[in-house]
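Subject: Structure handover

Hello,

Here is the structure you were expecting. My notes on it follow below.

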Amino acid sequence: MSSPEAPLLEQLSANSVPYRDPLAVLDWRALSADRYWLPPEAISLHGLDEFEALSDAARMRLSQHEFLAFAHSAIALERAFLQSTARRLRRAEPDAEYAFLLHEMREEAGHSLMFLRLAAASGLAAPDWRDALPRLARPYSRFVPGDVAYWFMMVVAQDVPDKLHRFVRRHGGPQTSPFIRQLISLHMLDASRHLAYARRRLEMAMEGRGRAVARIMPALFNVLFNRFVHGFFWPQAELYERAGLGDGRAWRRAAARNPHRREFVLRLLAPTMRLLSHQGISVRLR
Ligand SMILES: [Fe+2]
């Protein structure tokens, strides 16, 4: 398969220079647990009476655990990305695309190092990040014919966190940790270039898709999209317990039934769904 246009790749690569190492750029001494790591509206229980009844300290702690879970899924996604991109280097067009992929790998490795350090420095108990991805969002390219599903997931797995990051940047007032906002800004800057490449790739894959792929696509896209979005926005029961809230299964059920959460996610992801529909892909949140 041919590569995206050289001028696009060269422009994206040029924007990756100079490289900003998040480990060096962030002021790690500013990381503290006395602020929210997510604005309250972005917490899974927001809008429920039970949530409003919690102390400010408990809500803050929950925001930190939920943010750490996002960081853990980022590490898991970035590992899948690094593995598949390393394989793709072999087929990359030798100049512009090869260079761009190296920039991408350097930046994604930097993000994962940043999130690993965040997890260690946070002092929060958390499970192994390798369990952070829902089963179907793990590397699936081997099971699905063609590149369409791969680039679809690359767009979704980057665009969905991007929308959350934009929300935190816009709505994270003074009560949201400035350190976390800075960390998010660094990630967003790199992700916008990675997304531009993935979107172009998805466009090309859609143009070149075979008839067999076209037939199974709508159902497959919906399954992949929903698995990812539900795993990303609705925490596991254990997270509520680690955050000190007690019976995690009851909280998970409450979050699953929380109409405010669903509304929040739908509003947040409307641009993602629009972007996909421009590429001829329609997905719905179940
Ligand atoms: Fe990243």
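Donors here are N, O and S atoms within 2.8 Å of the metal (3.2 Å for Na, K and Ca); water is not among the atoms, so sites may look incomplete. In sequence, the donor residues of the iron ion follow the spacing E-x29-E-x2-H-x75-H.

This is a predicted model, in which local features need pLDDT of at least 70 and side-chain atom pairs count only at pLDDT 80 or more, while totals for chains, interfaces and linings use all residues. Residues are numbered from 1 along each chain as its sequence is written, and side-chain values use heavy atoms, with hydrogens and water left out.

Iron site

The iron ion is coordinated by Glu 78 (OE), Glu 108 (OE), His 111 (ND1) and His 187 (NE2), at 2.1 to 2.2 Å. The angles that these four donor atoms subtend run from 82 to 165°, which makes the arrangement irregular. Four donors count as tetrahedral if all angles lie between 85 and 135 degrees; four count as square planar and six as octahedral if opposite donors are over 155 degrees apart and all others between 65 and 115; anything else is irregular.

Glu 108 and His 187 are both buried (under 20% relative accessible area, with exposed over 50% and partly exposed in between; 1.4 Å probe, protein chains only). Glu 108 has no salt bridge, and the nearest side chain of opposite charge, Arg 193, is 9.0 Å away. A salt bridge is a side-chain nitrogen of Lys or Arg within 4 Å of a carboxyl oxygen of Asp or Glu. For charge, Lys and Arg count as positive and Asp and Glu as negative; His and the chain ends are not counted.

Aromatic pairs

The whole structure holds eleven aromatic pairs. Rings of Phe, Tyr and Trp (its six-membered ring) pair if their centres lie within 6.5 Å; planes under 30 degrees apart count as stacked, over 60 as edge-to-face and the rest as tilted.

One of the pairs is Trp 37 with Phe 67, edge-to-face at 6.4 Å centre to centre and 90° between the planes. Both Trp 37 and Phe 67 are buried. Phe 167 and Phe 264 also pair edge-to-face, at 5.0 Å centre to centre with 90° between the planes. This pair links distant parts of the chain, 97 residues apart: Phe 167 lies in helix α6 (residues 148-171) and Phe 264 in helix α11 (residues 259-278). Helices (H or I, at least four residues) and strands (E, at least two) are DSSP runs, numbered from the N terminus. Phe 167 and Phe 264 are both buried.

Regards
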